[in-house]
Amino acid sequence: MRMKMLCGLLLAGAAAAPAAAQPTNGGKGEILWDSFGVPHVYAKTESGAFWGFGYAQAQSHGNLLLKLYGEARAKSAEYWGGAANEAQDRWLVANDVPARAARWFAAQTPQMRADLDAFAAGINAYAAKHREAIDPAMRRVLPITGLDVMAHAHRLMNYVYIASDRKVLADPATNEAGGSNAWAVAPSRSASGKAMLLANPHLPWAPSMLTYYEAHLNAPGYSVYGATQVGLPVLRFAFNNDLGFTNTVNTMLGYSSYTLTLADGGYRYDGKVLPFRTEQKSYKVRQADGSLKTVTFTQRYAVQGPVFDIPGGTTIALKVAGLDRPGVLKQYLDMGKAHNFAQFQAALRQMQVPMFNIVYADRAGHILYLDNGILPRHTDGDLAKWSAPVPGDTSATLWRDVHGYDDLPKVIDPASGFVQNANDPPWLATWPRVLDPKAFPAYVAPVGPVSQRAQMSVKLMTATPKISFDDFVARKLETRALMADRLLPELIAAAKDSTDPEIVEAVRLLGGWDHRFEADARGALLFETWAAIFAPKNFTDQSNYAVKWTLSDPLETPRGLKNPAGAVAMLKAAVAKTRQLYGAVDRPYGEVSRFHLGDVSLPANGGFGNTGVFRTITWGPMKNRERTPMHGETWVSMIEFGTPMRAVGMMSYGNSSQPGSKHNADQLQFLNSKTFRTLWTDRTEVERHVEERTPF
């Protein structure tokens, strides 16, 4: 369907925002939609590119987009009701997110405010023209303003990634952010003499604030291709003709919680009893009959920050780093605008992005790994200490500063010719190791253990002295489990003399398996089941290994069977459990594990990262006689900075979550066949694959 933007609708979208902002598209342009639903936005001004990107996100993810903005306003209970929405709103209101977002928006440069307003105006323009495409329940959020865009970014970065309610109030070990892989290869290790970059986040497949969106944005001084999370107006995983960068979730701890000792209606602090500062706050909740109920509560504040009661009767105060740094979107924009390493480092030095490892490569041959984040500066303690509540009755624990760029672990242009990360601590960013944990405060990152996925990542990078682009792609697709390489020979040897028919069959099955999680593999399900018994806690418990992980031997540990007879007994139990779960001990992996979205269902490959599989898929529980991905292999791009540039990739679950979109499952074929599509970056190339045009 061809669409043409009418000037009247554009003006209506602008008028929907606050009068002071007066956002427009900033200039005429065009969105070229390619055959995979990727918007290629061409605009005459920077704000015009933001307008087109907002319009595109509304077309591809309108319902999800508006839901996220409604939540960021702390009005999800007002719009849609429900206990979960109410708890979410209360958390954001208690932490002053809506009010702070307004201050953050006001603190942007005039150009950045214009960009955010233009992004919002593009959303409004799409919704005005295609009202029928938006779920009526989501229309309540309209119109969107630039402030909403900032509020969403603030919520996502500081109160989901850094300090979510689940992490702060329930379980500090909660991982809201999922996982990722990243590689950068320097010319010295590249067969072509050109740098290469892999971006490969593994976030959830179910539509959420962590859903990725692929786009190509072009304006004077700004031409960048990549992906970002729905609702963000800048690309977080991106490349231009000269450089590229990606993110992986790191261990950066950007908040502290403080256990308060209550006394006389206040709390003890440095030998005194201090009164709480209090504010009356409120939010609204939609009732079953459609009416709105106002809920008012008193929010307490201690010297550290807002105060919360947590299960078990403990009262804590929360202090989040970076609340005085409103430039996360601007920094990502500047990273995408950079064209050389000096410009990119200047953007990094802004220190506005609150967490994430950043991996980088450029045409000039530079590569970088950075353990990035806004990290509180403590006087002592390690990550374990600061991950749990610390005493709040003394100023000795109250941090007042954060680390700068120069303090953070980083690897620049190593002699090895590569950097990598798979969500692990920074110490194996390259090999041989160049970072020493003792050179940094112990709270920067744990020493280990380093996951077997990260070890496999290093092994793939060091398998040969040189890596061609075809090697680069093939190694990205590797489904072999390092855990199987290490343990199966010993397990089979320990079980080979057994006369138990089930063990005999299991030995035959596992002995004939090549340790790869491919669709036709008949030993993969049995191994996975055994591995989960052998190493509980998502394949991480090392109690049953003969040798646990050590920094002195980080690529060959953990290894070995501490109790071979016990491991064989676990194999017997795994046979029974495999039959129970999957109906047979030797079912092909792809009969059970499916890439299934809507009407598309294909045999799957890839496996749990903690078994040492680089091609990571985290499988959900069995349902309707199959299991489908929960996380893994979402956005992938692989770049070689040659002339011309080589760029391939895919968005596993497709580039649209809107009901009825043909771009919801149209890329599962690449995941199934272990192939990629060309990422079209040249306009002539894009024009050959245009599916739809949206002039504006």
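This is a short chat about a predicted model.

User: What's the strand order in the open sheet of 10 strands?
Analyst: The order is β20-β18-β17-β8-β7-β6-β5-β2-β1-β31, with mixed pairing.

User: Which strands stand at the edges?
Analyst: β20 (410-412) and β31 (690-695). Each has a single partner strand, so one side of each is left without a neighbour in the sheet. From one strand to the next, the twist averages 15°.

User: Which strands does helix α11 touch?
Analyst: Helix α11 (residues 341-348) packs on the sheet and touches β8, β17, β18 and β20. Its direction makes about 165° with that of β17.

User: How do β1 and β2 run, parallel or antiparallel?
Analyst: Antiparallel, with 5 bridges joining them. Leu32 has His40 in β2 as its bridge partner.

User: New topic. Which residues touch the most other members of the largest nonpolar core?
Analyst: Phe344, Phe472, Phe527 and Trp530, out of 229 residues. Helix α2 (residues 46-72) gives the most to this core, with 12 residues.

User: What is Phe344 in contact with, leaving aside its neighbours within four places in sequence?
Analyst: Its contacts include Leu243, Phe245, Ile358 and Tyr360.

User: How many salt bridges does the count come to?
Analyst: The count is 37. One of them joins Arg683 and Glu30, at 3.0 Å from N to O.

User: Is Glu30 buried or exposed?
Analyst: Buried, at 19% relative accessibility. Arg683 is partly exposed, at 33%.

Definitions and conventions:
Residues numbered from 1 in each chain as written. Predicted model: local features only at pLDDT ≥ 70, side-chain atom pairs only at ≥ 80, totals over all residues. Heavy atoms only, no water. Pairing = 2+ DSSP bridges. Helix = DSSP H or I, 4+ residues; strand = E, 2+ residues; numbered from the N terminus. Axes fitted to C-alpha atoms, helices over the stretch in contact; angles between N-to-C directions. Contact = heavy atoms within 4.5 Å. Core = buried A, V, L, I, M, F, W, Y, C linked by side-chain atoms within 4.5 Å. Buried < 20%, exposed > 50% of the residue type's maximum accessible area, 1.4 Å probe, protein only. Salt bridge = Lys/Arg side-chain N within 4 Å of Asp/Glu carboxyl O.
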